[in-house]
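Dear colleague,

I am passing on a structure for you to look through.

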Amino acid sequence: MRNVLRGVVLLLSLPGCVSSDLVPTQVESQISRDISFGDIKANPERFKGRIVVIGGHVLSATRLKDQTKIEVLQLPLNRSDQPASHLMTSKGRFLALSKNVLDPAAVPAGSSVSMVAEVLGSQTAMLDGHLYSYPVFTVKMFKVWPKSQQYARPFPFWDRWNYPFDDPWTHPYWGSY
């Protein structure tokens, strides 16, 4: 009976183990997780002052006089608040303003980022010859995610002389018989 009770307690505590790698538990209560990026993009003024978790793929970072402006392609976040890797799932772009002056080299184009940010409103700018309305956020907390490791698997395989071959009779030193 005791083992069954321990098992039930363990199973009930597992969902609590999956948590954000960005948001500390004491800040979680201040965040409006029920607001989607699509809602903010449609009407940024309505959500002005709300704190959200948002992230995506960095397009550019520019140092301004007293802040850093980061243009981000929004991507959905997983349960750990890490952005998805598939860019076609994006709902648009946004601008993040960091009061901490960041070196743009610390946030290079192509980086995956997540942030706790406050909705400021919107800003209209030219994008590919058209006017584009960017939702604008002030960064409260910021995380650049490490790039995932990708390993090349040679085909069919490589021998110790760095020659690809898939059968011993076609090796360059042996020739074909």
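Below is what was found, beginning with the basis of the values.

This is a predicted model, in which local features need pLDDT of at least 70 and side-chain atom pairs count only at pLDDT 80 or more, while totals for chains, interfaces and linings use all residues. Residues are numbered from 1 along each chain as its sequence is written, and side-chain values use heavy atoms, with hydrogens and water left out.

Rings of Phe, Tyr and Trp (its six-membered ring) are paired if their centres lie within 6.5 Å, with planes under 30 degrees apart called stacked, over 60 edge-to-face and the rest tilted; the count by this rule is three aromatic pairs. One of them, Phe 37 with Phe 94, is tilted, at 5.9 Å centre to centre and 55 degrees between the planes.

Tyr 132 and Tyr 134 make an edge-to-face pair, because their ring centres are 4.8 Å apart and their planes stand at 70 degrees. Tyr 132 is buried at a relative accessible area of 18%, and Tyr 134 is buried at 5%.

As for the backbone, Asp 81 has a positive phi near 70 degrees, although it is a residue other than glycine, and it is buried at 2% relative accessibility. Asp 128, also not a glycine, has a positive phi of about 55 degrees, but Asp 128 is exposed, with a relative accessible area of 70%.

Best wishes

Notes:
Buried < 20%, exposed > 50% of the residue type's maximum accessible area, 1.4 Å probe, protein only.
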